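User: I've got a model open and would like to go through its packing with you. Can you take my questions one at a time?

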Amino acid sequence: MSRKLKVAERAKVPAFEVMSILDRVAALRASGRDVISLCAGEPSDGAPTAVSKRAAEIHTAGTPMTYTPPLGILELREAIAGHYKRWYNIDVPSANIAVTTGSSGAFMLLFLASFNAGDKVALARPGYPAYANILRTLGVEVIELAAGPEIRYQPSVELLEAAWEEHGELDGLMLASPANPTGTMVSGAELGDLGAWCKDHGVRLISDEIYHGIDYPEAGAEARRSVSAWELDKDSVVISSFSKYWGMTGWRLGWALVPDDLIGTVDALAGNLALCPPAPAQYAALAAFTDESYAEAESRVDEFAKARAALLEAMPRLGWGECAPADGAFYLYAELGQMLGSFPDSSAYCAALLEAEGVAIVPGVDFDKVDGGQRVRLSFAAGLAQVQEAIERIVRFQQAR
Ligand SMILES: Cc1ncc(COP(=O)(O)O)c(C=O)c1O
């Protein structure tokens, strides 16, 4: 009997369009072209010096890197608790902290622990694509909230009410502030309203706080300080990471603040899915919570701020349409407006810009399948010099058309 081998339907998540751009960047560079890439959502400087030094010391000492507990070493969980005291002045029991393989590992664990197949989770469109992709592989129904510029591309109670009306009971809300791709933030009051609505309706709030610490308080009249969902409600889930503020993307280390009713499940799942988060990264990451490392991370945020200012100042010259206020993170998400010209969509615009001027930016479709075809995302994590040069090249590209 010959029976066809199975390939799971549920795992077929869409590939990112940006991958074809990144492939082309690599090919152009290999052929000797000078390419500026404003694609990557990562700081180029890497880990703070103290973290790299600690990693080298561990290596030299030959510390045996055996498995750690599934939720991470106690010293690191306690250091993360100290971080919440330092930044938010809240007491987080280390028993509620799960160290994970990046925030990405935390999404999988916390989505599994929080939702059954068939449950409904709302999230803003545009948004970070992995949320919806992971949820869908788990059989969770994703309810996209069409969040426009008038509400800073963030979920609102009105959108949640409308979704509840249209789709029935919701089980979760995925929130990111600052967000990717828009960089926009919700204020403390807005977070409070969303949290209260979730609590009233039995909806689990999952707050992705990976970009906390990277914000630009002069951005609005009201200082939009990053408020943690755990300042307001310890039944919510907070997810964060060493990847962005500390620039440790490849170390694969993040964490979650896990409510009491989920922590046992997360502990058991973590042991089964990955045994433990990476041990060398955990020991080295202890040095992220030193005064020296915080100071180094802050000085990088100052550099992002300079690149951001240059980009915002250049907006009139670029002649694009509406652009998100970039309250935090290191992204600018903008509508191309009349500069889309005769290109059918922003993917075509980005491909042509890369060929003509060697500037790589990300088309919006990866973040928004409905309206992203008009928009682009620029990462200014590359720094001021790269951003300034990219602006000149983009202006030249648009003038030449
Ligand atoms: C909003 C957001 N959350 C999570 C991640 C994943 O980060 P990591 O798994 O490195 O912690 C990213 C990466 O770009 C992101 O932009």
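User: Which helix gives the most residues to the shell around the ligand?

Analyst: Quick caveat before the answer: this is a predicted model, where local features need pLDDT of at least 70, side-chain atom pairs count only at pLDDT 80 or more, and totals for chains, interfaces and linings use all residues. Residues are numbered from 1 along each chain as its sequence is written. Helices (H or I, at least four residues) and strands (E, at least two) are DSSP runs, numbered from the N terminus. With three residues, the top contributor to the ligand shell is helix α4 (residues 102-114).

User: And which residues come nearest to the ligand?

Analyst: There are 13 residues around the ligand, where being near means that the C-beta atom, placed from the backbone, lies within 6 Å of it. By class, three of the shell residues are nonpolar, nine polar and one charged; Ala, Val, Leu, Ile, Met, Phe, Trp, Tyr, Cys and Pro count as nonpolar, Asp, Glu, Lys and Arg as charged, and the others, Gly among them, as polar. The ones that come nearest are Gly 102, Ser 103, Ser 104, Ser 241 and Ser 243.

User: Back to α4: how does it sit against helix α9, roughly parallel or oblique?

Analyst: Two packed helices are described by the angle between their axes and the distance between the axes. The axes are lines fitted to C-alpha atoms, for helices over the stretch in contact, and angles run from 0 to 180 degrees between N-to-C directions. Here α4 and α9 (residues 260-273) pack at about 130°, with axes 9 Å apart. Angles under 35 degrees count as roughly parallel, over 145 as roughly antiparallel, 65 to 115 as roughly perpendicular and the rest as oblique, so α4 against α9 is oblique.

User: What residues of α9 make that contact with α4?

Analyst: Contact here means C-beta atoms, placed from the backbone, within 7 Å. The α4 side brings Leu 109, Leu 110, Leu 112, Ala 113 and Ser 114, and the residues of the contact split into nine nonpolar, two polar and no charged. From α9 come Leu 262, Thr 265, Val 266, Leu 269, Ala 270 and Leu 273.

User: What is the handedness of the crossing of α4 and α5?

Analyst: Helix α5 (residues 129-137) packs on α4 at about 40°, with the axes 10 Å apart, and that makes the pair oblique. Ser 104, Phe 107, Met 108 and Phe 111 of α4 meet Ala 130, Tyr 131, Ile 134 and Leu 135 of α5. A crossing is left-handed if the near helix is turned anticlockwise from the far one by less than a right angle, and right-handed if clockwise. This one is right-handed.

User: How are α11 and α13 arranged, roughly parallel or oblique?

Analyst: The axes of α11 (residues 291-318) and α13 (residues 384-399) come within 9 Å and cross at roughly 15°. The contact includes Ala 307 and Leu 311 of α11, and Val 387 and Ile 391 of α13. Its residues divide into 10 nonpolar, one polar and three charged. Going by the angle, the two helices are therefore roughly parallel.

User: Which element gives the most to the side of domain 1 that touches domain 2?

Analyst: The domain bounds, from an automatic or database domain assignment, are 18-46 + 293-399 for domain 1 and 64-290 for domain 2. Their C-alpha centres lie 26 Å apart, and the contact takes 30 residues from domain 1 and 31 residues from domain 2. On the domain 1 side, the most comes, with seven residues, from α11.

Key. Two residues are in contact if their C-beta atoms, placed from the backbone, lie within 7 Å.
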